[in-house]
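Trainee: I would like to go through this model with you. Could we take the sheet, the pocket and the disulfide in turn?

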Amino acid sequence: MRVFRCLLLTCLLLLTACATEMRPGATAEAPKRVAFQKPGLSPENGGLLISADALQAGDILLSASDGITSAGIRMFTLAPVSHAALYIGDGQVAEAVGEGVRLRSIPDVLDEEAVVVAFRREGLTPEQTAAMRAFAEARVGQRYDYVGVLLQAPFSVERRLCELPLVPSLVRDACLRGVAAIQLGTPDNERFFCSQFVLEAFRVAGAPLLDAHPRWLSPADILHMREEDVSSLRVEQPLVYLGHLKFLETVQDPRVAARE
């Protein structure tokens, strides 16, 4: 019975695990506080609804739909998003989907997705955004990384051991890199799934979001790279929340849904 309880407790910890980080208090005298990964899409001030006119080339769009595939990804990654895409300017979005890399218009994105949120890596130069666009256009039709996606499912569970609460960030980072290298490998980026494609575009343009292999990260990982959140892996520069291009309350954090 005791063994069963220990196994049950371990499973619950793995299912609810999220990265934490020790941060200084509000004043020099205040004790350090523990910061947890944020499960929601909106920032603490409630968020902002924006139009496509607010976007700049190089912005990242994270989204979710009401379909079964999206729900499954969100359940495995414990995040409110299931897809990542790159805005390359002129109303076009580049993304890796089942039929391969494609370009899609903003109206099509808003029509097909249930929720769409924009983030920005500040400081991009015109040369870097031009390189991203060239990278995306040159890979239209390139095949989808189905193997990488299939491997993400068991990895999303195994990585929870590294992300248990109060695991130091340096230990978590090293643990995740080791598990990812064994479970996912470091293949050449010749095929892409959505977040892998976005991260590779930044890397090729000389503005990497982090130094980990793009295949190791999901849309949820990109979400947690934002300001005031806790990233599982060390990032070069936090992403800035721009606002929601579309929001529907039907898409919610699976951890919240499980409690209802």
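**Notes on the fold**

Mentor: Helix α4 (residues 126-138) lies across β4 (83-89), β5 and β6 and runs at about 115 degrees to β4. Contact means heavy atoms within 4.5 Å; axes are lines fitted to C-alpha atoms, for helices over the stretch in contact, with angles from 0 to 180 degrees between N-to-C directions. Helices (H or I, at least four residues) and strands (E, at least two) are DSSP runs numbered from the N terminus.

Trainee: What kind of model is this, and how are residues numbered?

Mentor: It is a predicted model, in which local features need pLDDT of at least 70, side-chain atom pairs count only at pLDDT 80 or more, and totals for chains, interfaces and linings use all residues. Residues are numbered from 1 along each chain as its sequence is written, and side-chain values use heavy atoms, with hydrogens and water left out.

Trainee: In what order do the strands of the open sheet run?

Mentor: The order of the 6 strands is β6-β5-β4-β3-β7-β8, with antiparallel pairing; two strands pair if DSSP finds at least two bridges between them. The edge strands, β6 and β8 (240-246), each pair on one side only.

Trainee: How many bridges join β3 and β7?

Mentor: Strand β3 (residues 60-64) pairs with strand β7 (residues 115-120) over 5 bridges. Ala-64 stands opposite Val-115 in β7.

Trainee: Now the largest pocket: which element gives the most to its lining?

Mentor: Helix α2 does, with 7 residues. The lining divides into 12 nonpolar, 13 polar and 5 charged residues, where Ala, Val, Leu, Ile, Met, Phe, Trp, Tyr, Cys and Pro count as nonpolar, Asp, Glu, Lys and Arg as charged, and the others, Gly among them, as polar.

Trainee: And which cysteines does the disulfide join?

Mentor: Cys-162 is joined to Cys-175, S to S 1.9 Å; the criterion is a pair of cysteine sulfur atoms within 2.5 Å. The torsion about their S-S bond is about -60 degrees, so the disulfide is left-handed. Cys-162 lies in the loop between α5 and α6 (169-183) and Cys-175 in helix α6, so the pair ties together parts 13 residues apart in sequence.
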